[in-house]
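I opened this entry to keep a record of what I looked up, in the order in which I looked.

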Amino acid sequence: MANYLLDALLSSAPERVVISPLILCETIFVLSREHNSGRIPVDLFQKATARLLLEARAMNQQSIDNETILHSIPLISRYNLNASDALFLHQALNLHELLKTMEQYLVLVASDRRLLRAAEDKGLLTLNPEETTPPDAEALLRT
Amino acid sequence: MERNTISTKNFPHPKHITDPLMLKAYAEALKQKHKWEASINELVREVLGLKGDKPLDPATVPSAEEIRKEMNRYIPENEKLSDLLTAMREE
């Protein structure tokens, strides 16, 4: 479902997908670790990394600065989030406030339950691609 | 073939923007988009080991679906990338 959802969004409206550049570093680190431990060949690591970057190129990106990092810190202790998730949640909240002024709504897509609970507590719409059906996901993303 | 070009297809045409504030925001957003795409292009070239002015052709990179299929030959399907990410963050 996660793949279906992302593929559908990227093919129809990539500009509606917003990512934090940090998630790219984390994902490539995981791929690199799989390669370094001998689980995937170098050629596959390179192709996967290149495809990931090419897909990210079409998306909107939420930039990170010192202020963003500092403002994410209270979310760590309040919701027991790791540093990355606190940063992503703070960025999502910032974008949510901006979009609201234009009567647009943000849907935070994640499979980590702790992050989802924190986002819902903060009033964000959320979508867990591992627990939703394609029609439900499409309906939510049309809101 | 794509030659490190910058896509603006998802941006409205500037002639439709009349508010100076919106125009300024549009120009800034376009500038940031250019920077983002140029940085990504440079990174992809580096990852693929493209030398000199050899053009970047995204069509030569397998699709996400093709990569997932190949990945499944090495990593069991039940080991999701998102789970590996979560585990890495919790380490």
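I call a residue buried if 20 or more other C-beta atoms lie within 10 Å of its own, exposed if 12 or fewer, and partly exposed in between, with C-beta atoms placed from the backbone. By that rule, 8% of the 91 residues of chain B count as buried. I note that this is a predicted model, in which local features need pLDDT of at least 70, side-chain atom pairs count only at pLDDT 80 or more, and totals for chains, interfaces and linings use all residues. Residues are numbered from 1 along each chain as its sequence is written, and chains are lettered from A and ligands numbered from 1 in the order in which they are written.

**Chain B and the interface**

For helices I take DSSP runs of H or I with at least four residues, and for strands runs of E with at least two, numbered from the N terminus. Chain B then has three helices and zero strands, in the order α-α-α along the sequence.

I next looked up the interface, counting two residues as in contact if their C-beta atoms, placed from the backbone, lie within 7 Å. There, 28 residues of chain A are in contact with 26 residues of chain B. On chain A, α1 (2-12), α2 (21-36) and α3 (42-58) each supply at least two residues of the side that touches chain B, and α3(A) gives the most, with 12 residues. I sorted residues by class, with Ala, Val, Leu, Ile, Met, Phe, Trp, Tyr, Cys and Pro as nonpolar, Asp, Glu, Lys and Arg as charged, and the others, Gly among them, as polar. The side of chain A that touches chain B has 10 nonpolar, eight polar and 10 charged residues.

**Two helix pairs across the interface**

For helix pairs I used axes fitted as lines to C-alpha atoms over the stretch in contact, with angles from 0 to 180 degrees between N-to-C directions. Angles under 35 degrees count as roughly parallel, over 145 as roughly antiparallel, 65 to 115 as roughly perpendicular and the rest as oblique.

How do the axes of α3(A) and α1(B) cross? The axes of α3(A) and helix α1 (residues 20-48) of chain B come within 9 Å and cross at roughly 170°, which makes the two helices roughly antiparallel. From α3(A), residues including A:Leu53, A:Leu54 and A:Arg57 take part in the contact, and from α1(B) the residues include B:Glu37, B:Ile40 and B:Val44. By class, this contact has nine nonpolar, two polar and two charged residues.

The axes of α2(A) and helix α3 (residues 81-90) of chain B come within 10 Å and cross at roughly 100°, so these helices are roughly perpendicular to each other. Here A:Glu26, A:Thr27, A:Phe29 and A:Val30 meet B:Leu81, B:Leu84, B:Leu85 and B:Met88, and the contact has six nonpolar, one polar and one charged residues.

**α6(A) and the cores**

In α6 (113-121) of chain A, I found A:Leu115, A:Leu116, A:Ala118 and A:Ala119 buried. Seen down the helix axis, the buried residues of α6(A) fall within an arc of 165° (taken from the directions from the axis to the C-beta atoms), so they line one face of the helix. The face turned away from that side carries the exposed residues A:Arg113, A:Glu120 and A:Asp121. Among what covers the buried residues are α4 (66-79), α5 (83-100), β3 and β4 (125-127) of chain A.

A nonpolar core, as I use the term, is a set of buried Ala, Val, Leu, Ile, Met, Phe, Trp, Tyr and Cys residues joined through C-beta atoms within 7 Å. The largest such core has 17 residues, and A:Leu89, A:Ala92 and A:Leu115 are among those that touch the most other members. Elements giving two or more residues to this core are α5, β3 and α6 of chain A, and α5(A) has the largest share, five residues. Apart from this core lies another, of 14 residues, among them A:Leu44, A:Leu52, A:Ala56 and B:Val61.

Is A:Asp112 buried or exposed? A:Asp112, in the loop between β3 (107-109) and α6 of chain A, counts as buried because it has 21 C-beta neighbours inside 10 Å. Not counting residues up to four places away in sequence, A:Asp112 touches A:Asp85 and B:Thr86.

A:Asn80 has a positive phi of about 55° although it is not a glycine, and A:Asn80 is exposed, with 12 other C-beta atoms within 10 Å.
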